[in-house]
Amino acid sequence: MNSRRLAVIAGLLTLCAIATPAFAQGAVPEKFRWLTFLVFGIIISITMFVTYIAAKRVKTASDFYVAGGGVSGLQNGWAIAGDYLSAASFLGIAGLISLYGYDGFMYSVGWLVAYITVLLVIAEPCRNIGKYTLSDILAYRNDPKKVRVVGAISTITVSTFYLTAQMVGGGVLVKTLIGIDYEISVIVVGILMLGYVLFGGMVATTWVQIIKAILLVTASILLVMFVWTPYGFSLPGFLTAVVGDAKVQAQVAALLGDAAKNMTPEQLGQRFLEPGLYLKNPIDQISLGMALVLGTAGMPHILMRFFTVPTAQDARKSVIWAMAIIGGFYVLTLFLGMGAAMNVGPANIRAVDPGGNMAGPLLAQWVGGGADSMLGNLFLAFVAAVAFATIVAVVAGLVLAAASAMAHDLYVGVIREGHVTPQEQVKAARVATVIVGAMAITIGIAAKGQNVAHLVALAFAVASSANFPCVLLTLFWKKCNTGGIVLGMIVGTLTAIGLVLVSPNMTYPLAITTAAQKVVDGAALAKPKLEADLAIAADDAAKAKVAKAIAALDKNVAGAQANLTKFKGQTTSLVGLETPWFSLRNPGLYSIPLGFLAVIIGSLLYRDKRALDMWDELYVRQNTGILAAKAAAH
Amino acid sequence: MAEMTQVNWKAIDEDPRFQQLHRKKTLFLWGLMVFSMVYYFLLPIGAAYFQNLFIIKVWGPVNVGILFALSQFIVAWGLAWYYSHHANAVFDSEAAAIVQDVEKKLGGRK
């Protein structure tokens, strides 16, 4: 065991050595890069040490999957926050607020409200009924083999979508921050995560998530203190400064285009605090909101966290803590995002990353004294390290969830029908972890350059349309049975994926090439006129203005031509459509009701005496927690 | 496994105390659930269809929209606190009483 751990550490050091010369340009200036590595090194060392301690405690399958059920409510609350606040939510939402103001903040609300569903109907019953996986809950009164197969497939599907988004997002993030090659950062993230999960199982994963959540919250509070103190911690005072800022007003003017022509600077600034700069389709928003508030409760890696606490009361306590931390964090992002907009400026944020993901890190750099200061780069390094720890912590939770479905549900439950020794169980868990980890790295590298943002929405869509109806109805509806679970899982998953495949999320070459052709044709007409203007321009200022317009035109044409070559000969999307067949980006509005309907119809059409006979036991158990400890041991 | 077969689940389910707990809990949980959903979806609906209301300034540049978005956090926390307070005070003790009886019947074996 010890030599194996040494081998992993040696491997990591080699990777770091390979990584050193592979720099491109990042947000951290060259001469301060050592600082970033120092902070990264310290944080990685701490998590490695925790894993080393944890590894000694991981002996049984229960230790590996759920930390032996010995995590306290407070610890689990922090771990849930660490598991949930992915890089997308922590960098992404601050970024959205810095670029689009109010809409970014509105977007963050659903991520917290989701926990009300978890608290009210999922956390406690699942603790009382479940053991290691989502399928354990489904298998309680339904045909174990059948529901384990569909439950495991859905768990692996959801986890893989989410995992891919995290790996690709993480790779891009590390590259943007410190300029390490994409492939190398994916491999480093993958191997680190494998190290934690393989040796330390859920014990190490829990602690990595707790450490990450504490770092994230500390960094955010410090940054907010810095940006809010000058205004005496007054909300109107702070926002008055934001709306009065010329950079913010310029951003709103750019977003509104022609509509901004008759607006005063004051009106432009105030517009930043009003809805509609980013989220244009309310039906899509409601659809996404449904997937968020119901899907979180169906996320396998979140459900799994409730098996790590000893009682339903601890499960309740962990959600309360998680809500306090997650909600508090999102309130802080309002100040982080607005502070970045005012101090760094939306244009500068976009220059580093068009999606705005660098708003938080750049704000940290500004707070410390800017791009040329030691302190500024130390702060930036700290935030970058938190971002890195975030990716590793979230990925570890996802890999553990997928591996448990593979090993505990498919291998032990279905293939071996439960006839395995405790040693074999732990071995199966570790083998599955390596398989899922290798898969994550491979997919991460293969998906380089792909737009994976919609995969997060897709993961939530499948979780809310398949997992959530199945878990909810098996817990609360007497007539629910195997037929309903199987049909619900299949219909929910396929509808969610199918609707996304025909939605505007996909790439439609025909639309892109048509638009590009229009740009090229338009430029061909406009350019001679501009060139004529240049020739007759009266003074240098007018000349410069026309020259600038020509340069902008040329840039547009170059971009359009790149698209024309990229999609040459293609007219249809991945599934053979010329235009989206379904108009919403988020399928939840349709796929969630369909998922519920499928569980109901499937249950009514299927006869399953066991599901009905076991109802009394399941319902009493989930409400009282009678013999819950025994359930964990059976 | 032996202990489980001795528990008469049907009897507990039919126990009036359990039935009462079940009724109270169902009403309470689904009431809170519906309230939280309605309150949450008022935010995207309001931002899209009641913009004139959302942009009214009430406190310096702070408008109704910002206060409503902030209130979502307060309401979510409030609901969570209210649920946990109620569950700790009412549901837990009622469930504990039922559990105690069952464990007594099992002959003190836990």
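**Interface of chains A and B**

I counted eleven residue pairs in polar contact between chain B and chain A, both residues at pLDDT 80 or more; a polar contact here is a pair of N or O atoms within 3.5 Å, where within protein one must be able to donate a hydrogen and the other to accept it, and residues adjacent in sequence count only if both atoms are side-chain atoms. I then asked which elements give two or more residues to the side of chain B that touches chain A, and the list is α1 (2-6), α2 (9-14), α3 (16-49), α4 (51-54), β1 (57-59), β2 (62-63) and α5 (64-105) of chain B, with helices (H or I, at least four residues) and strands (E, at least two) taken as DSSP runs numbered from the N terminus. The largest share, 19 residues, comes from α5(B).

This is a predicted model, in which local features need pLDDT of at least 70 and side-chain atom pairs count only at pLDDT 80 or more, while totals for chains, interfaces and linings use all residues. Residues are numbered from 1 along each chain as its sequence is written, chains are lettered from A and ligands numbered from 1 in the order in which they are written, and side-chain values use heavy atoms, with hydrogens and water left out.

I looked up the salt bridges (a side-chain nitrogen of Lys or Arg within 4 Å of a carboxyl oxygen of Asp or Glu) and found two across the interface; Arg316(A) and Asp92(B) meet in a salt bridge at 2.9 Å, N to O.

**Largest cavity**

I noted that α13(A) gives the most to the lining of the largest cavity, with four residues, where lining residues have an atom within 4 Å of a point.
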